[in-house]
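Q: Could we go through this model together? I would like to begin with one residue and then widen the view.
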Amino acid sequence: MNASTNLVGFTFIVLTSLKAFHLGQSAFIDEMVAVSVTGFMLSTLLSFSSMRTTKKERGARYELLADYVFFGSLLMMFVVCMLLTIYD
């Protein structure tokens, strides 16, 4: 959960930088960053829910889903960084 919340802030910084410096002329990159932010936020909520639930099976399912969402968002941020490197 800690890494996910930190990456939410990081992706907001990336999104703000793209807008401020006009680095991302492509709306596709902006949307990928926005989806990553949403994924990191969802991962944080799922991880928190897994800690707060009283049912062990449900908690394990939430945590597994949080891991998958986190990894998908991390991969998306990797692709964004590669696109910015290639097209800049």
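Q: Where is the place of Gly-59?
A: Gly-59 is placed in helix H3, residues 56-87. Helices (H or I, at least four residues) and strands (E, at least two) are DSSP runs, numbered from the N terminus. This is a predicted model, in which local features need pLDDT of at least 70, side-chain atom pairs count only at pLDDT 80 or more, and totals for chains, interfaces and linings use all residues. Residues are numbered from 1 along each chain as its sequence is written, and side-chain values use heavy atoms, with hydrogens and water left out.

Q: Is Gly-59 buried or exposed?
A: Gly-59 is buried, because its relative accessible area is 10%; buried means under 20%, exposed over 50%, and partly exposed in between (1.4 Å probe, protein chains only).

Q: Leaving aside neighbours within four places in sequence, what is Gly-59 in contact with?
A: Beyond those neighbours, Gly-59 is in contact with Ser-50 and Thr-53, where contact means heavy atoms within 4.5 Å.

Q: Which other residues of H3 are buried?
A: Besides Gly-59, the buried residues of H3 are Ala-66, Val-69, Ser-73, Met-77, Val-80 and Leu-83.

Q: And Ile-86, buried or exposed?
A: Ile-86, also found in helix H3, is exposed, because its relative accessible area is 60%.

Q: Which nonpolar patch is on the surface?
A: Ile-86 forms one with Phe-78, Val-79, Met-82 and Tyr-87, with about 550 Å² of accessible area together. Like charges are joined within 9 Å, and nonpolar side chains (Val, Leu, Ile, Met, Phe, Trp, Tyr) within 5 Å. Accessible areas come from the Shrake-Rupley method with a 1.4 Å probe; for residues, only the protein chains shown count as cover.

Q: What should H3 span at 1.5 Å a residue?
A: The 32 residues of H3 should span 46 Å, and the end C-alpha atoms are 46 Å apart, which agrees. The expected span is 1.5 Å times one less than the number of residues.

Q: Changing topic, how many helices has the protein chain?
A: The protein chain has three helices and zero strands. Buried residues make up 30% of its 88 residues.

Q: Where is confidence lowest?
A: Confidence is lowest in helix H1 (residues 2-20), at a mean of 69, and highest in H3, at 90. The chain averages a pLDDT (the predictor's confidence in each residue, from 0 to 100) of 82.

Key
Patches are made of residues with over 30% relative accessible area and no salt bridge: like charges are joined within 9 Å, nonpolar side chains (Val, Leu, Ile, Met, Phe, Trp, Tyr) within 5 Å. A salt bridge is a side-chain nitrogen of Lys or Arg within 4 Å of a carboxyl oxygen of Asp or Glu.
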